[in-house]
Amino acid sequence: MKFILSSLKLLKAVQSLSGVINSNNTLPILDDFLFNISENELTITASDLETTMVVTITPDMVEGAGEVTIPARLLIDILKNFPDIPVSFNIDESTLAIEITTGEGRYKMVGHKSDEFPQVPSLQEPMSCEIPADVLVCGFEKTIFATGNDEIRPVMTGVFMEMTNDCLNFVATDAHKLVRYRRLDIKSDVVASFIIPKKPINQLKNALSGKADEMVKIEFNKTNASFSMQGFKLVCRLIDGRYPNYEAVIPKSNPNKLTIDRQLLLSAIRRVAIFSSKATHQIRFKIAGQELTLTAEDLDYYNEAKERLACNYVGDDMEIGFNSRFFQEMLGNLSQTEILMEMSAPNRAGIITPVDNQNADEDILMLLMPVMLN
């Protein structure tokens, strides 16, 4: 078997796949890429048994057909050090010896048999839909930071995708914070939902970025989901379990409403939070009239900070505490100029929504649980 293609083209393909490969695989074959050479296509696959990703590219020249697995780290390391030049791969089908030639260079490595490499899972009786790539990327980017890391509650370690007759929802929560990103321009004939783990989400974000105009075909059943488009496919195992009733935790009556410049508030929180307790990261919001006072203190080191900001506020004077790290994450994942913060009481969750959202089909809601004030 032989094929020739641009080193940069191949490097981009294998780098996009490299995130699937674990650093400590139980099966040695999972440290390899599977190369499948056919008439005029090269299909490269990476898998960790839970997530399988496939990229298809067209070489400049192909001779023969067959399969071989190639050590991933070694291949990436050599390709990274080539300029953008044509690279020739000669594979001996009997010994699986691989010779890479470039102009004056010749490099040899040994491949492995492909029969031990896991097959791409096929989905039985899947449901399917098509979603624009930019909607998927945006939905994942707006929510993935709010997922949890507690393996005792695995359903909270992924993003919940919910398709309804009215909209498409992306939801993530770790029980302290919750983000619901809703697209009103994406509707489904059938109501369906699944929970996708973080690893395939990160792979999808990288693979789909810059492909805003393309449609992604999604197929899923109770155990697996497949995301595919021209030259790309990702199949992953879904998180099993029932997602919490997230609508039930969003307070409906919030009479106290604060409107403020997002960047102004974010910058102030970053400064004040430096002086907060390293254990709780607590920051105190005191709202009176049209003024918001942020305070933080670390009693162990006698550190203290206070900053006053002008705001637009309707409601009763109140004091409420929040984890400054979570608050910064939320504000940092919004791009709008102003935010609206709605609250009911110091022991009830606060809701953050953008005020001047340019996209009428986009609805973002962020919920943050308060911390008890000392």
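# Close-up views of a predicted model

**Figure 1. An overview of the protein chain.** The protein chain has seven helices and 26 strands; helices (H or I, at least four residues) and strands (E, at least two) are DSSP runs, numbered from the N terminus. This is a predicted model, in which local features need pLDDT of at least 70, side-chain atom pairs count only at pLDDT 80 or more, and totals for chains, interfaces and linings use all residues. Residues are numbered from 1 along each chain as its sequence is written, and side-chain values use heavy atoms, with hydrogens and water left out. The C-alpha trace spans about 80 × 50 × 40 Å along its principal axes. Of the 374 residues in the chain, 52% are buried (buried means under 20% relative accessible area, exposed over 50%, partly exposed in between, with a 1.4 Å probe and protein chains only). Among contacts with a separation of 6 or more, 66% link residues 24 or more positions apart; contact means heavy atoms within 4.5 Å.

**Figure 2. Helix α1 against helix α2.** Two packed helices are described by the angle between their axes and the distance between the axes. Helix α1 (residues 7-18) packs on helix α2 (residues 72-80) at an angle of about 140°, with 10 Å between the axes. That makes α1 oblique to α2. Axes are lines fitted to C-alpha atoms, for helices over the stretch in contact, and angles run from 0 to 180 degrees between N-to-C directions. Angles under 35 degrees count as roughly parallel, over 145 as roughly antiparallel, 65 to 115 as roughly perpendicular and the rest as oblique. The crossing of α1 and α2 is left-handed, meaning that the near helix is turned anticlockwise from the far one by less than a right angle (right-handed if clockwise). From α1, look for Ser7, Leu10, Leu11, Val14, Gln15 and Ser18, which meet Leu75, Ile76, Leu79 and Lys80 of α2. The residues of this contact divide into six nonpolar, three polar and one charged. Here Ala, Val, Leu, Ile, Met, Phe, Trp, Tyr, Cys and Pro count as nonpolar, Asp, Glu, Lys and Arg as charged, and the others, Gly among them, as polar.

**Figure 3. Helix α3 against helix α4.** Helix α3 (residues 133-143) and α4 pack at about 135°, their axes 9 Å apart, and are therefore oblique to each other. Their crossing is left-handed. On the α3 side the contact is made by Ala133, Leu136, Val137, Phe140 and Glu141, and on the α4 side by Ile201, Leu204, Lys205 and Leu208. By class, this contact has seven nonpolar, no polar and two charged residues. The buried residues of α4 (residues 198-208) are Pro200, Ile201, Gln203, Leu204, Lys205, Ala207 and Leu208. Just after α4, Gly210 takes a positive phi of about 85°.

**Figure 4. Helix α6 against helix α7.** Helix α6 (residues 262-273) meets helix α7 (residues 324-332) at an angle of about 155°, with the axes 10 Å apart. The two helices are therefore roughly antiparallel to each other. The contact is made by Arg262, Leu265, Leu266, Ile269, Arg270 and Ala273 of α6 and Ser324, Phe327, Gln328, Leu331 and Gly332 of α7. These residues divide into six nonpolar, three polar and two charged. The crossing of α6 and α7 is left-handed.

Figure 5. Ile131 sits in strand β10 (residues 127-132) and, at 1% relative accessibility, counts as buried. Beyond its neighbours within four places in sequence, Ile131 is in contact with Leu136, Met161, Leu168, Ile186, Glu214, Met215, Val216 and Ile218. Ser88, in strand β7 (residues 86-91), is buried too, with a relative accessible area of 9%. Not counting residues up to four places away in sequence, Ser88 touches Lys2, Phe3, Ile4, Glu99, Ile100 and Thr101. Thr259 belongs to strand β18 (residues 256-261). With residues up to four places away in sequence again left out, Thr259 touches Cys311, Asn312, Glu338, Ile339, Leu340 and Val355. Thr259 and Ala310 are 51 residues apart along the chain, and their C-alpha atoms are separated by 9.8 Å.

Figure 6. The structure holds zero disulfides, a disulfide being a pair of cysteine sulfur atoms within 2.5 Å. For Cys129, the closest cysteine sulfur is in Cys236, 13 Å away and so too far for a bond. Cys129 is buried, with a relative accessible area of 18%. For Cys138, the closest cysteine sulfur belongs to Cys167, and at 15 Å it is too far for a bond. Cys138 counts as buried at 17% relative accessibility.
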